[in-house]
Amino acid sequence: MTRTLVVKVTAGTDAPERCSQAFTVAATAAAAGVPVSLWLTGESAWFALPGRAAEFTLPHAAPLPDLLAAILAAGSVTLCTQCAARRDITPADVIAGVRIAGAAVFVEEITAENAQALVY
């Protein structure tokens with residue numbers, strides 16, 4: 001049975017290396033056929049909005065829009081409910097394929113059999 005990788009990214013432009021690492025690990029796992037669920041929390045919440053990933057730059061890192069597209073194509077991306085509310089982000093605002101969900105769904109995912117959670 002394949003394990004599901006649940007990656008929670010808490011950083012955005014405030015900690016670019018940590019942010020990029022989370023997206024890179026999630027996209028790499030997705031490319032390898034691992035079921036992936038990426039959670040955008042804290043400052044990474046902004047990347048749920050169209051065009052915001054394109055504003056992110058980090059030398060020697062894969063472009064964030066490419067990583068996000070790969071994850072959306074092969075896995076799921078969730079924006080934290082409270083993080084969205086604090087930033088006045090609604091379901092109508094987010095990139096197609098991004099859902100908004102809360103802690104109960106996160107806990108359900110990370111406690112599922114054969115799940116592996118990583119927090120960046």
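Where is T78 found? T78 sits in strand 3, and I'll come back to that residue in a minute.

Quick housekeeping, everyone. This is a predicted model, so local features need pLDDT of at least 70, side-chain atom pairs count only at pLDDT 80 or more, and totals for chains, interfaces and linings use all residues. Residues are numbered from 1 along each chain as its sequence is written, and side-chain values use heavy atoms, with hydrogens and water left out. When I say helix or strand, I mean DSSP runs numbered from the N terminus: H or I with at least four residues for helices, E with at least two for strands.

Okay, the helices. Two packed helices are described by the angle between their axes and the distance between the axes. Here, helix 1 (residues 16-31) and helix 2 (residues 64-74) have axes that come within 9 Å and cross at roughly 40°. Those axes are lines fitted to C-alpha atoms over the stretch in contact, with angles running from 0 to 180 degrees between N-to-C directions. That makes helix 1 oblique to helix 2; under 35 degrees is roughly parallel, over 145 roughly antiparallel, 65 to 115 roughly perpendicular, and the rest oblique.

Who's touching whom? On helix 1 the contact residues include F23 and A27, and on helix 2 they include L67 and I71. Contact just means heavy atoms within 4.5 Å.

Back to T78, then. At 0% relative accessibility, T78 counts as buried. The cut-offs: buried is under 20% relative accessible area, exposed is over 50%, and partly exposed is in between, using a 1.4 Å probe and protein chains only. The T78 side chain also has a polar contact of 2.6 Å with the side chain of R99. A polar contact is a pair of N or O atoms within 3.5 Å; within protein, one must be able to donate a hydrogen and the other to accept it, and residues adjacent in sequence count only if both atoms are side-chain atoms.

Strand 3 (residues 76-80) also holds S76. With 27% relative accessibility, S76 counts as partly exposed. Leaving out residues up to four places away in sequence, S76 touches V36, S37, L38 and I71.

Last stop: E109, over in helix 4 (residues 103-110). Is E109 buried or exposed? Buried, at 18% relative accessibility. The E109 side chain makes a polar contact with the side chain of S37 at 2.5 Å, and another, of 3.0 Å, joins E109 and W39 through their side chains.
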